[in-house]
Amino acid sequence: MRDSLRFTLADGTYKKTHAGLGEQVASSYIAGLTARPYWDARGGDFPWMEHLERNHETIRDELRAALADPLLQQKGNAIWVAAARDDAEGYGPDWRTLVLQDRCEWEPTNVTLFPETVALVRAARAPSVEVFFAKQAPGTGIKPHTDFTNFIMTAHLGLDVPPKPESWMKVGEETRYWENGVGMCADTSFIHSTSNDSAEKDRYVLIVRFWHPELTSHERNGVRFLFDAFEDLTPEGLRRARDNARAREKADAEAARERTDERPPTNAEARPRAEPSAPGGGRKRNKRNKRKAASRSSGDGLGLLAKGMK
């Protein structure tokens, strides 16, 4: 975590072209994590995604009911907002989100509008950092880009999508197509793009941004400490971030003891972690430096760097 923070604050950019897989670009980077564009959603690393797949109709129906509510905008907070990133032009004006969770914190207003969806995500024990619905209008797409973070991955669950192959996501060199009730798990620090080629149908998916499965609970807690710390860099804010981290560490230890008779470890938890090396690919100044400098003074920091969207 220390090396990752130093790398980010020095405006470093990790860049690597993986043979046959594609280009990975990350300015928020933790060494030693397996890098591949798409992961097998049913390969043992993501049992929570299989749970969401089995219950996708419940999530879809709750979304449809909300879409039919003429008062949804008034009831919710930031409903179907456009991308708010400095490269938002790549997303276009017709890509919209409805946020349920952001930087591990549930949005208090919107969760009351989607209680079943939130309950399912929680029951699945998804290691989520962000959860949101995403809408992509017909005839639109997202240009090739990176989410700049290799320790937070992205999952999509198709809810109401055009028939295959009219909507797709390309990650690295591999293209996959959205299907209703089917999950996709991807490392979006690889260059990726999307398109909805339908002439008339919107594409709706549930997106879960989640911790890389090889990240330890200690590392997750370290990132969350940074989320909290950059929100308030005053001495009081830093003390609060420290106390929150200590409380999470204690809760994680207690939960680990209580889970001794529950599920076996996932494949990623069971296999040894690659030996970390110093972040490679060169320290390159990039167009995001100005935003990073502002983030360090305004308190957004790594919270913004980890804000990947689809």
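**Close-up views of the predicted model**

**View 1. A residue pair between strands β11 and β12.** Lys170 stands opposite Thr175 in β12. The structure shown is a predicted model. Strand β11, which comprises residues 167–171, pairs with β12 in the antiparallel sense, and four bridges make up this pairing.

**View 2. The open sheet of four strands.** The strand order in this open sheet is β8-β14-β11-β12, and the pairing is antiparallel. Two strands stand at the edges, β8 (140–145) and β12 (174–177); each has a single partner strand, so one side of each is left without a neighbour in the sheet. On average, and with direction ignored, neighbouring strands of this sheet are turned by 15 degrees against each other. In general, strands of a sheet pair through backbone hydrogen bonds, in either a parallel or an antiparallel manner.

**View 3. Strand β10 and its surroundings.** Strand β10 covers residues 152–160, and nine of its nine residues are buried, so the strand is largely enclosed by the rest of the structure. Buried here denotes a relative accessible area under 20%.

**View 4. Strand β10 with strand β15.** Strands β10 and β15 (residues 203–211) run antiparallel and are joined by eight bridges. Within this pairing, Asp160 has Tyr204 in β15 as its bridge partner.

**View 5. Strand β10 with strand β13.** Strand β13, formed by residues 183–186, is joined to β10 by four bridges, and the two strands run antiparallel. Ala155 stands opposite Cys185 in β13.

**View 6. The protein chain as context for the close-ups.** The protein chain contains 10 helices and 15 strands. Of its 310 residues, 50% count as buried. The accessible surface of the chain comes to about 14,300 Å², and carbon and sulfur atoms account for 51% of this area. Among contacts in the protein chain with a separation of 6 or more, 76% are between residues 24 or more positions apart.

**View 7. Confidence along the chain and the segment 280–310.** The average pLDDT of the protein chain is 86, and 81% of the residues score at least 70. Over residues 280–310, pLDDT stays under 50; for this segment the model has 93 contacts beyond four places in sequence.

Methods:
Residues numbered from 1 in each chain as written. Predicted model: local features only at pLDDT ≥ 70, side-chain atom pairs only at ≥ 80, totals over all residues. Heavy atoms only, no water. Pairing = 2+ DSSP bridges. Axes fitted to C-alpha atoms, helices over the stretch in contact; angles between N-to-C directions. Buried < 20%, exposed > 50% of the residue type's maximum accessible area, 1.4 Å probe, protein only. Contact = heavy atoms within 4.5 Å. Areas by Shrake-Rupley, 256 points an atom, 1.4 Å probe, with all protein chains shown as cover. pLDDT = per-residue confidence, 0-100.
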